[in-house]
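Hi,

Here is the structure I promised to pass on, followed by notes on what turned up in it. Please have a look at it first and then read on.

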Amino acid sequence: METSAGLEPPSDPRETLRRFIARAAQLGVRVEVAATAGDAADRITALLAERRARTVAVWTTPELAPVLDRLRTAGVDLVLPGAPPERVAEADAGVTGAEWGIADTGTLVLASGPDRPRLASLLPPVHIALLDAERVLPDLPALFGRTGVLPSTLTLITGPSRSADIGLVPVLGAHGPMEVVVVLVGPPTAAG
């Protein structure tokens, strides 16, 4: 089977992960690799400190609990789910999880819900997503093969927001974050 890029999808989980990282980098996405959830929490806290982010819109899902604990300890003002959109838009960054990564396109797949507001990935100028390395799939058909019934709100993020609507001049951040960072956690043993 050929992918949209005209290349065979990788069958080895390590190759799938390498392909995801390479595709994401081509899109201007920074990818960090962390061995454990604790390492990921430290890395995300450091990334936010580098950007001087004091207010951060967050998801409150279980996988992000270590991150939220570190951010609270660091004195970061957390914008929790249910906050008004204006408050989310004022945040310096957004921190979310990601259900899946797609290696073929370097895409993140996010499903919205009460504890995972879509706006946390769209309104702040920086989006940091936590992704389990074992949840990186080779291509979109693999995603549909794994998910079964899709949630009513599924967001596919392929790099920072880009637009050339006015005068064909490329602009970053016109319809979403200007910067996307993915923190991959764990060894890629079951991906693909």
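A definition to begin with: two strands pair if DSSP finds at least two bridges between them. Helices (H or I, at least four residues) and strands (E, at least two) are DSSP runs, numbered from the N terminus. The model is predicted, so local features need pLDDT of at least 70 and side-chain atom pairs count only at pLDDT 80 or more, while totals for chains, interfaces and linings use all residues. Residues are numbered from 1 along each chain as its sequence is written, and side-chain values use heavy atoms, with hydrogens and water left out.

**The parallel sheet**

Six strands make an open sheet with parallel pairing, in the order β1-β12-β7-β4-β2-β3. β1 and β3 (77–79) are at the edges with a single partner strand each, so one side of each has no neighbour in the sheet. On average, neighbouring strands here are turned by 25° against each other, direction ignored.

Strand β2 (residues 55–58) is joined to β4 (residues 93–97) by 3 bridges, and Ala57 stands opposite Gly94 in β4. β12 pairs with β1 over 5 bridges and with β7 over 7 bridges, parallel in sense. Within these pairings, Val33 faces Leu184 of β12, and Asp132 is opposite Val185 of β12.

Axes are lines fitted to C-alpha atoms, for helices over the stretch in contact, and angles run from 0 to 180 degrees between N-to-C directions. Helix α3 (residues 65–73) lies across β2, β3 and β4, at about 140° to β3.

How do α2 and α3 pack, and at what angle? Their axes are 8 Å apart and the angle is about 45°, which makes α2 oblique to α3 (under 35 degrees is roughly parallel, over 145 roughly antiparallel, 65 to 115 roughly perpendicular, and the rest oblique). Residues of α2 that meet α3 include Ala41, Ile44 and Leu48, and their partners in α3 include Val67 and Leu71.

Strands β5 (residues 100–102) and β6 (residues 107–111) run antiparallel and are joined by 3 bridges, with Ile102 opposite Thr107 in β6.

**The cores**

A nonpolar core is a set of buried Ala, Val, Leu, Ile, Met, Phe, Trp, Tyr and Cys residues joined through side-chain atoms within 4.5 Å. The largest one has 45 residues, and Leu48, Val95, Leu108 and Ile128 have the most contacts inside it. Strand β12 (residues 179–185) gives the largest share of this core, 6 residues. Another core, of 6 residues, lies apart from it, with Trp100, Ile102, Leu137 and Ala142 among them.

**A pair to look at**

Ala35 sits in the loop between β1 (30–34) and α2 (37–50), and is exposed, at 56% relative accessible area. Ala35 and Gly186 are 151 residues apart in sequence, yet 4.7 Å apart in space, C-alpha to C-alpha.

Best wishes

Technical notes:
Buried < 20%, exposed > 50% of the residue type's maximum accessible area, 1.4 Å probe, protein only. Contact = heavy atoms within 4.5 Å.
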